[in-house]
Amino acid sequence: MKSRDVIKRLLSYIERYSAFMALSFLMAALSVVSTLYAPVLTGEAIDKIISEGNVDFNGISDILLKLFMTIAITCVSQLVMNLINNEITYRVVRDIRVDAYNHLNSLPLSYIDSHKHGDVVSRLVSDIDTLADGLLMGFTQLFTGALTILGTLFFMLRINVPIALVVVFLTPLSLFAAAFIAKRTHSLFVKQAETRGELTSLVDEMVGEVKLVQAFSYEEEANERFAKINEALEKDSMKATFYSSLTNPVTRFVNGLCYTAVGVIGALKAVNGGGISVGMLTAFLSYANQYTKPFNEISNVITELQNAIACAGRVFELKNEETEKIYEGEEDIEVKDGDISLENVRFSYDKSRELIKCLNLDVKKGMKVAIVGPTGCGKSTLINLLMRFYDVDGGSIALSDRDIRTISRSSLRHGFGMVLQETWLKTGTVKENIAYGKPDATDEEIIAAAKAAHAHSFIKRLSQGYDTFLAEDGGALSQGEKQLLCIARLFLNIPPMLILDEATSSIDTRTEIRIQKAFHKLMEGRTSFIVAHRLSTIRESDIILVMKDGDIIEQGSHEELKKKGGFYAELLAASV
Amino acid sequence: MKDLLKYLKNYRVRAVLAPLFKLLEASFELLVPLVMAAIIDKGIGNNDKAYIFKMGAVMIALGVVGLTCSITAQYFSARTAMGFGRELRADLFRHITSLSYTEVDKLGASTLITRMTNDVNQLQTGVNMFLRLFLRSPFIVFGACIMAFTVDVKVALIFVIALPVLVIIVFGIMFKSIPLYKKVQGKLDTVLLKSRESLSGARVIRAFNRERTEEEDYRKATEELTHEQLFVGRISAFLNPLTYVVINLSIAALVWFGGEQVDLGLLKQGGVYALVNYMSQILVELVKLANLIIIEMKTIASANRVAEVFAVKSSMSFDKSASLDEKTNASDGAFISFKNAGLTYKDASEPSVTGINLEVRRGETIGVIGGTGSGKSTLMNLIPRFYDCTEGSIEIDGKPISDYGMEELRGSIGIVPQKAALFSGTIADNLKLADSNASDEELEIALKTAQAYDFVKEKPGGLKHFIEQKGRNLSGGQKQRLTIARALVGKPQILILDDSSSALDYATDAALRKAIKELPGELTVFIVSQRTASIMHADKILVLDDGRQVGLGTHEELLESCEVYREIHMSQDTGTEKDSSGLRSNRKSLNGEAFA
């Protein structure tokens with residue numbers, strides 16, 4: 001994304017707070033003017049102090065009165081500005097984050113499946129955080145910095161033009177010095193980031209799988225590998241840090257030279273009696289001291305802002321991703337059980353590699369359909385299409401003679417109950433997880449569902465039973481236990497049609513048999529799709545589809561296929 | 001947090017020199033207003049141009065010396081900070097890898113990773129900035145006060161009043177916001193968690209049409225974060241305006257009372273200028289100090305998080321070092337015995353396994369079977385002491401397993417965990433986990449036993465084939481077979497297969513078991529499985545149900561006597577396994593892991 005577009009987008013978020021922004025600018029202007037006016041007042045006051053017995057106290061008290069007012073104005077305006085900037089920044093950032101997240105929920109699954117989750121998360125979390133820092137700094141320092149430069153110029157030119165010119169021409173030297181160092185150190189920072197990345201991925205692996213490391217007594221080797229990268233990192237960081245840390249001393253030195261020049265030239269002018277008073281010279285020195293500050297601030301802010309814009313760009317990139325396509329005629333309806341037919345369905349994830357070329361299938365209402373076949377044959381793809389996680393590339397899928405693309409995704413999904421092989425549990429209590437599809441379920445209903453899924457007995461043994469809090473991804477639960485909870489989730493909220501994609505793959509066979517019984521009862525009169533690798537679990541299906549390379553190569557009942565002696569029979573023989 | 005200071009030990013000299021040179025630089029900086037005052041009083045006052053030039057030269061000289069000192073200081077502080085970072089990181093890494101499973105469970109791997117990376121980086125920056133600025137800024141602040149006294153004692157009293165007020169403001173705000181930053185981080189973590197979960201659970205969320213409620217939850221979490229951020233921000237917003245007021249009121253006072261002193265002839269105009277200048281210097285440095293304090297607040301928070309990890313000590317001690325000799329105890333008497341062994345996980349209300357009694361002879365194969373959550377894996381985790389028994393004990397060669405050294409014990413056990421995890425690196429790197437000196441032949445033998453040789457050979461590069469992080473470029477079955485080979489490379493005396501053939505088809509599984517059986521030496525094998533076919537030929541089968549031992553014996557015995565076993569067996573297709581060699585021919589056509 002181009003920076004300009006990113007900034008435009010950012011501004012559209014900031015626009016909502018434009019009244020705040022205007023106030024912030026006003027306060028910034030006020031605080032800059034009053035801040036710059038203070039040294040002038042102080043200088044004037046010093047000019048009233050000439051020598052022994054020659055001090056104009058009346059004059060001083062008048063000036064001090066003015067000074068008090070400026071101080072009050074500076075204080076209030078700075079405070080108000082800080083508070084407003086704080087509000088704008090964090091509100092803007094909140095808006096962006098919430099928007100981005102909501103957008104994520106309307107993106108097609110193909111986006112989520114094909115992007116690294118870590119990357120998306122870092123867009124939502126750390127990128128937006130960096131953006132917040134950048135914005136806050138930008139708001140507080142960019143405008144005030146620019147105003148300060150202009151204001152200082154104005155005041156200086158008013159007091160004395162030649163000395164003002166000395167300041168104007170000498171101070172940029174420190175900026176050049178800073179820019180020179182920054183340019184030279186950039187590559188060092190890149191190197192540091194690379195080494196740091198290397199270290200992080202090693203840590204990610206070794207700490208992420210620390211149990212494995214211990215099981216193989218690999219600690220020493222791991223430590224050695226770590227030490228090697230760690231040392232390289234020390235060297236790279238050292239270089240980057242040291243060379244970049246020269247910026248401050250060098251600019252301070254150059255500023256010192258300016259200060260001296262102003263001091264000496266100013267003093268020489270003052271000696272001749274004309275040109276400049278001591279008080280004004282002090283005001284000048286004060287300006288010379290601070291004149292480069294806003295430049296440095298602005299250059300810092302610009303770096304931060306560039307960084308922030310890059311981060312914002314990554315966030316907006318996410319926001320620019322096209323949402324799920326809404327088809328013509330798509331509407332919310334109440335989905336009931338019905339015939340499902342696939343006609344000439346064509347689909348592939350990777351458009352350069354065909355997966356499903358031409359799939360035809362008729363499923364009558366209430367049928368139990370089992371799908372078997374080797375990994376990658378398209379079993380789960382079929383489920384993805386039925387649930388409209390993905391839409392077909394060609395052909396059509398119809399439910400009760402209505403193209404499912406004309407049924408809104410949410411109502412279609414309401415019609416299906418689904419248990420997947422990958423168990424997903426939310427951070428929260430066991431109870432919340434079971435009630436995921438029906439948040440208003442009573443405790444009795446939840447327990448009944450858990451019992452039906454044969455999950456009750458293990459839940460009971462958890463430290464707080466149904467109120468046990470599960471950490472991310474089910475916490476300490478075993479794969480099988482997680483799967484039982486997912487099944488319980490289904491039992492609590494039984495829709496007209498069912499999809500069981502390897503729903504019991506991690507459950508021991510004894511429990512599986514019992515759950516299968518419960519499933520059978522559930523499937524009674526409901527159109528159901530079952531993907532399974534244990535052939536024993538699908539025997540009683542009305543129709544078994546054997547898939548291979550995206551095609552249905554055989555279909556029929558268990559007995560028929562067994563007799564046929566084809567691929568299914570072969571699978572069957574191997575699994576005995 | 002104090003404990004972390006020990007990592008500065010090796011850099012003691014540099015850590016002292018860095019701030020020292022900074023102080024030198026600061027001292028020169030403090031002289032500048034005096035020189036300027038002299039220019040005003042003597043140069044302008046006496047119309048002495050030569051003097052003005054001389055003093056100008058002095059100021060430049062001060063600048064050059066200051067620059068040299070400062071660069072030296074930057075060098076020493078960077079060296080110190082980076083060295084500190086390296087040592088801390090290395091130690092933390094070592095510490096984390098030494099934590100037992102109980103602690104790892106408690107802390108969670110993702111927490112450990114962020115502490116290892118982000119927090120240590122923050123600490124490194126914190127140390128660097130601390131050495132550079134923490135002494136310099138207060139030094140200039142106090143130095144300016146002292147210099148003020150040399151100019152005029154009476155007027156300098158204003159500094160004595162202003163300074164405590166400034167310190168109260170700066171530190172008051174700092175102490176108010178430290179705990180708040182911690183809170184902000186906590187809320188940010190929640191947002192992170194929710195983001196991650198929404199991605200991993202996208203299908204479920206959509207299947208249950210819970211997008212709107214998830215969005216609502218997310219909005220709430222974000223709102224809470226925003227609330228905390230705003231709150232901290234509001235407090236910090238007071239810092240600059242308040243300090244500004246104090247400084248400028250003081251300047252006004254300086255001018256007024258300085259004027260009085262000049263009126264009395266006790267002070268000159270240049271002196272008033274010097275006093276005002278010192279007061280302004282205080283402001284500049286205080287702002288720096290405030291920014292530094294914010295960095296250091298984050299650093300302290302990071303330090304506490306890192307210290308928390310260090311504070312967690314491994315609950316397991318390996319203080320003894322009996323050796324586990326392959327020759328002892330051949331076939332007579334028990335090699336491994338479980339004596340009423342059991343484990344209750346920390347904070348769990350009921351034991352996960354309890355009352356296990358089992359005697360295993362060297363070279364025996366033990367099947368362990370039971371339902372989901374019956375405690376099979378837990379029991380296996382007790383043998384290499386990933387967890388210590390909370391009841392009863394386990395003995396190997398007649399000695400409690402706690403008598404053995406860690407490497408001795410774990411080095412003798414080859415473990416194939418349920419979850420097939422691999423590291424990024426070549427296949428060979430992964431196989432050599434237990435024995436870094438293993439030869440290619442040894443690796444190949446292990447691969448053959450694990451039924452992995454054929455597919456490894458077909459990969460480009462063979463053993464040198466690169467495995468991506470988390471083994472993404474391998475199928476489930478391939479990963480599983482590699483983990484089996486990996487366990488065999490260490491030439492273990494005990495092999496534990498923890499449900500590790502679940503992704504293999506029956507034929508491969510059978511071939512695997514046969515190959516293991518044929519290995520030379522007396523390998524004692526534990527096979528954990530949910531399918532009776534995998535364990536029916538074991539010498540003994542242990543049947544677990546709800547963490548309890550409900551059966552022990554051979555397949556036939558158990559079919560007779562054990563209700564649970566019979567049920568499991570009956571639930572699994574037609575019963576007896578065919579001769580595995582006869583099935584081998586089928587395998588190729590079925591592509592090994594047809595049902596992976």
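Select chains A and B together: 128 residues of chain A are in contact with 139 residues of chain B, where two residues count as in contact if their C-beta atoms, placed from the backbone, lie within 7 Å. Next, pick helix α3 (residues 57-106) of chain A, which gives the most to the side of chain A that touches chain B, with 23 residues; helices are DSSP runs of H or I with at least four residues, numbered from the N terminus. Coloured by class, that side of chain A shows 67 nonpolar, 38 polar and 23 charged residues, with Ala, Val, Leu, Ile, Met, Phe, Trp, Tyr, Cys and Pro counted as nonpolar, Asp, Glu, Lys and Arg as charged, and the others, Gly among them, as polar.

This is a predicted model, in which local features need pLDDT of at least 70 and side-chain atom pairs count only at pLDDT 80 or more, while totals for chains, interfaces and linings use all residues. Residues are numbered from 1 along each chain as its sequence is written, and chains are lettered from A and ligands numbered from 1 in the order in which they are written.

Now colour chain A by pLDDT, the predictor's confidence in each residue, from 0 to 100: the chain A average is 86, and 99% of the residues score at least 70.

Finally, in chain B, select domain 1 (343-412 + 493-596) and domain 2 (419-491), whose centres, taken over C-alpha atoms, are 22 Å apart. Their contact takes 15 residues from domain 1 of chain B and 11 residues from domain 2 of chain B.

Technical notes
Helices (H or I, at least four residues) and strands (E, at least two) are DSSP runs, numbered from the N terminus. Domain bounds come from an automatic or database domain assignment.
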